[in-house]
Amino acid sequence: MSVEATKVQEQDKHSQQTTALTLRTIAFSHYNEKARWGLDYYKVPYIEYRSLPMCHMISMFKYKAKTRPPGPGGSVFVTPHLTVEPINNNNNNKDEEKETITFNDSAKILEFLSDQYAAPANSNGKSSASPNLYSNDEASKTKIQALEERFNTMIGPHVRRVIYYEILLQSPRSVGRSLGKHDNAGKLQSWIWSLFFPIFAWMLCKVMHINETSASRSRDILKREFEHISRVLESGPPGPAYLVGNQFTAADLTLASLGGLAVGVNEKDGYGAWVPKMDEVRPEGRKFMEELRATTAGQHILECYKLHRGHKAPGSGYGFSFFGLW
Ligand SMILES: N[C@@H](CCC(=O)N[C@@H](CS)C(=O)NCC(=O)O)C(=O)O
């Protein structure tokens with residue numbers, strides 16, 4: 001168990017109430033979907049403050065990292081960002097002053113949630129909590145984390161590039177502008193996104209090197225990755241196919257959340273923000289998504305959404321700042 005998780009649990013033992021969790025996101029982003037899925041999987045109530053790209057720099061200014069996080073993509077304003085704030089400790093013991101802890105990486109958030117909220121290792125299925133997403137077995141944990149790392153670097157950035165290419169460059173009017181609507185952020189952000197959309201779309205493509213050549217390369221990488229994952233799933237033991245062992249783990253969750261947009265997953269499947277439906281994408285883009293969707297890996301993603309995506313815990317909701325407009 002991580003040091004942070006131990007700290008929070010110890011504080012919780014002494015208080016009636018537990019902790020207040022706040023997730024700051026770029027609503028439609030798949031790395032943010034990964035963190036949201038973790039929270040929903042463990043039925044942890046949380047408040048989500050949603051942003052749109054570029055506007056997120058204003059939202060995240062107060063929460064920015066000291067240095068740029070390692071790994072692909074991500075500036076000091078990176079999302080998802082989780083704040084865990086212990087609340088309501090009534091026992092006036094100054095020695096047990098509580099600390100707020102923060103995470104600004106989806107893998108760290110998932111590991112923290114699993115440490116903190118999973119059913120205990122010895123519960124033998126008697127606990128109502130969801131199981132440990134990293135397994136209680138060290139060898140399996142290593143495999144899960146290796147796959148998670150691979151998907152974070154080989155699926156996440158390439159799905160982002162291919163999807164942004166489709167919506168910002170190929171269907172900017174019909175889809176790109178819509179990303180700011182459908183409750184993906186507060187009214188003021190929505191208005192700014194719509195007004196400055198051509199400039200924002202140009203800047204995003206520039207910063208993330210999104211163009212025909214890079215999108216085509218990302219499509220090839222995704223095809224290869226999906227073929228590889230399909231082989232892993234097909235070669236597993238009989239029974240329900242999961243990536244490690246015979247249960248849903250952080251490896252499946254990471255693949256499904258980061259790969260979901262590439263196979264046309266949307267809000268109806270449980271995605272936690274508005275994203276365009278597959279039939280809103282131009283025919284060439286849709287054909288690629290359908291190809292991935294038809295693979296064993298693509299079908300596994302849909303199955304994970306169906307069986308494990310879960311809903312927000314009661315007490316969850318959305319937060320807005322600046323008079324409810326941001
Ligand atoms: N490795 C990070 C990557 C997160 C990431 O790339 N976040 C993007 C959204 S898809 C973001 O917030 N970009 C805006 C920025 O970094 O300023 C994670 O797993 O959390």
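How are H5 and H6 oriented to each other, roughly parallel or roughly antiparallel? Keep that in mind as we walk through this predicted model.

## The chain as a whole

Let's start with the overall build. The chain holds 12 helices and five strands. Its C-alpha trace spans about 60 × 55 × 35 Å along the principal axes. The radius of gyration is 20 Å, which agrees with a compact globule, because 326 residues packed that way would give a value near 20 Å.

Buried residues account for 41% of the 326 residues. Among contacts in the chain with a separation of 6 or more, 73% join residues 24 or more positions apart.

## A look at helix H6

Helix H6 covers residues 156–170.

## Where H5 meets H6

Back to the opening question. Helix H5 takes in residues 138–154, and its axis comes within 3 Å of the H6 axis, crossing at roughly 30°. Angles under 35 degrees count as roughly parallel, so H5 and H6 are roughly parallel to each other. On the H5 side, the contact is made by Phe-151, Asn-152, Thr-153 and Met-154. Gly-156, Pro-157 and His-158 make it from H6.

Technical notes: Residues are numbered from 1 along each chain as its sequence is written. This is a predicted model: local features need pLDDT of at least 70, side-chain atom pairs count only at pLDDT 80 or more; totals for chains, interfaces and linings use all residues. Helices (H or I, at least four residues) and strands (E, at least two) are DSSP runs, numbered from the N terminus. The radius of gyration is taken over C-alpha atoms; the globule rule is 2.2 Å times the number of residues to the power 0.38. A residue is buried if 20 or more other C-beta atoms lie within 10 Å of its own, exposed if 12 or fewer, and partly exposed in between; C-beta atoms are placed from the backbone. Two residues are in contact if their C-beta atoms, placed from the backbone, lie within 7 Å. The expected span of a helix is 1.5 Å times one less than its number of residues. Axes are lines fitted to C-alpha atoms, for helices over the stretch in contact, and angles run from 0 to 180 degrees between N-to-C directions. Angles under 35 degrees count as roughly parallel, over 145 as roughly antiparallel, 65 to 115 as roughly perpendicular and the rest as oblique.
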